[in-house]
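Colleague: I have a structure to go through before class. Can you talk me through the main points?

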Amino acid sequence: MAHTSSRTTIVFIVVALVCAFVPAFSVEEAEAKSPWDTCLLKISPKCALDIIGVIFENLTITDACCHDLVQEGRMCHDTLIKYIARKPQFVAHETEYLTKSDALWTHCVSISQTA
């Protein structure tokens, strides 16, 4: 039951991020785009959930999602994970999540280099 509740919380956070940040950071073409605007629009919702699941729930990630993550860049990955890790329900384990984030990035880079 705790696993389902945790998964529901993470899904809610991702949906809230997309709903709250994408419109809030909409910019004119002449303005510089924020990391949220560029990252959340390019990584699919399923891939974002997979990334979050690896870090916050010890799930696995597909090779295709790793390719998407690496294509978007380290800044996108770090921005997403650091924002979520600083939420009150996760902040006590922020160091652990950031370590998992680094490990995921290294794994995805190695996957992308072998393809």
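Modeller: One term to begin with: buried means under 20% relative accessible area, exposed over 50%, and partly exposed in between, with a 1.4 Å probe and protein chains only. This is a predicted model, where local features need pLDDT of at least 70, side-chain atom pairs count only at pLDDT 80 or more, and totals for chains, interfaces and linings use all residues. Residues are numbered from 1 along each chain as its sequence is written, and side-chain values use heavy atoms, with hydrogens and water left out.

Colleague: Fine. How many disulfides are there?

Modeller: There are 2 disulfides, a disulfide being a pair of cysteine sulfur atoms within 2.5 Å. Cys47 is joined to Cys65, with an S to S distance of 1.9 Å. Cys47 sits in helix 3 and Cys65 in helix 4, 18 residues apart. Helices here are DSSP runs (H or I, at least four residues), and strands are too (E, at least two), numbered from the N terminus.

Colleague: Is Cys65 buried or exposed?

Modeller: Cys65 is buried, since its relative accessible area is 4%. Cys47 is buried as well, at 3%.

Colleague: And which cysteine is joined to Cys66?

Modeller: Cys66 is joined to Cys108, S to S 2.1 Å. Cys66 lies in helix 4 and Cys108 in helix 6, so this pair ties together parts 42 residues apart in sequence.

Colleague: What about the handedness of the two links?

Modeller: The torsion about the S-S bond of Cys47 and Cys65 is about 95°, so that disulfide is right-handed. The link of Cys66 and Cys108 has -60° and is left-handed.

Colleague: Back to helix 6. Which residues are buried there?

Modeller: Glu94, Tyr97, Lys100, Ser101, Leu104, Trp105, Cys108 and Ile111. Seen down the axis of helix 6, the buried residues fall within an arc of 145° (taken from the directions from the helix axis to the C-beta atoms), so they line one face.

Colleague: Why would a face form from residues spaced like that?

Modeller: An α-helix has 3.6 residues a turn, so residues three or four places apart point the same way.

Colleague: What does the buried side of helix 6 pack against?

Modeller: The buried residues of helix 6 pack against helix 3 (45–57), helix 4 (63–72) and helix 5 (74–85), where contact means heavy atoms within 4.5 Å.

Colleague: And which exposed residues are on the face turned away?

Modeller: That face of helix 6 carries Thr95, Thr99, Thr106, Gln113 and Thr114.
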